[in-house]
Amino acid sequence: MIAKPIESIKNIGEEVMSSSDSFSLHLKKNQRLDFNSFKDAIYYLEAGTISIFRLSDNVLTISVESPFVFGLTQLRNQYRYHYLRCEEESIVWGIDKGNAEKLFDNKGLWKFSSDILGYISNLYYHREQMTSKKSVNEIVVQHLGYIWGMPVEERSKTSVYSFILSRNHISRSAVHKVIHELVDSNYIAISRGKLVDMDTESVFKGN
């Protein structure tokens, strides 16, 4: 898994929360935030989990837990390709674009934003690696490998089927077929839809 730049995120988050120009939002589960209609701002996710979806086809791209910083990729451009959805009740702090740039200048936060942007780029790179495969079997295997690399606590809460299907336009039956074959071959173990064991060498052989 890619190391999350926690210190850089918290450095920006603390400055945003303490700024007299910031505002807070208490968001409900499944509430949507659309960058096309929402105020241009930098947002700090203090508590909760938020997923990022493509506007073009509603495919889930990445999900992140608090703490996190959103809006950096929109800070210097006007294009909007995604929207956000809260996976649980969440607390978000925001500061509008103009004041955010002043804050970053005055507090020397640009170096921290670079760390976060690099992290986001890596997340999207790994997502592209998982979804650009030619066959359903390859796509499923790549996603299983990603899930297996999660911390145990996170993996134990991750539904294999939901994780794969929400990120790809493939059928549940096709995903089920591949997973069933891997289970029958004793390459993986699934319990209540969660990945509990994986023989990575056997699973990735030939994929």
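I began with helix α2 and its outward side: the face turned away from the buried side carries the exposed residues K102, D105 and N106. Exposed is over 50% relative accessible area, buried is under 20%, and partly exposed lies in between, with a 1.4 Å probe and protein chains only. Helices here are DSSP runs of H or I of at least four residues, strands are runs of E of at least two, and both are numbered from the N terminus.

I noted the source. This is a predicted model, where local features need pLDDT of at least 70, side-chain atom pairs count only at pLDDT 80 or more, and totals for chains, interfaces and linings use all residues. Residues are numbered from 1 along each chain as its sequence is written, and side-chain values use heavy atoms, with hydrogens and water left out.

Which residues of α2 are buried? I found N99, A100, L103 and F104, in a helix that covers residues 97-107. Seen down the axis of α2, these buried residues fall within an arc of 140°, so they line one face of the helix. The arc is taken from the directions from the helix axis to the C-beta atoms. The buried residues of α2 pack against α1 (6-18), β3 (41-47), β8 (90-96) and α3. Contact means heavy atoms within 4.5 Å.

Next I looked up the hairpin. Strands β9 (residues 188-191) and β10 (residues 194-198) pair in the antiparallel sense over 4 bridges. Pairing needs at least two DSSP bridges between two strands. I190 has L195 in β10 as its bridge partner. The hairpin has 2 residues between its strands, and R192 in the turn has a positive phi of about 55°.

Then I turned to the pockets. A pocket is an open set of points on a 1 Å grid over the protein atoms alone, where a 1.4 Å probe fits, with protein on both sides within 12 Å along at least five of seven lines; lining residues have an atom within 4 Å of a point.

The largest pocket has a volume of about 910 Å³. Of its 31 lining residues, S63, V64, E65, M150 and E154 are the closest to its centre. β5 gives the most to this lining, with 6 residues.

What is the volume of the second largest pocket? I noted about 170 Å³. Its lining has 13 residues, with I52, T73, Q74, I120 and Y124 nearest the centre. The largest share of that lining, 3 residues, comes from β6.

Key. Points joined across faces, edges and corners; volume = space filled by probe spheres on them.
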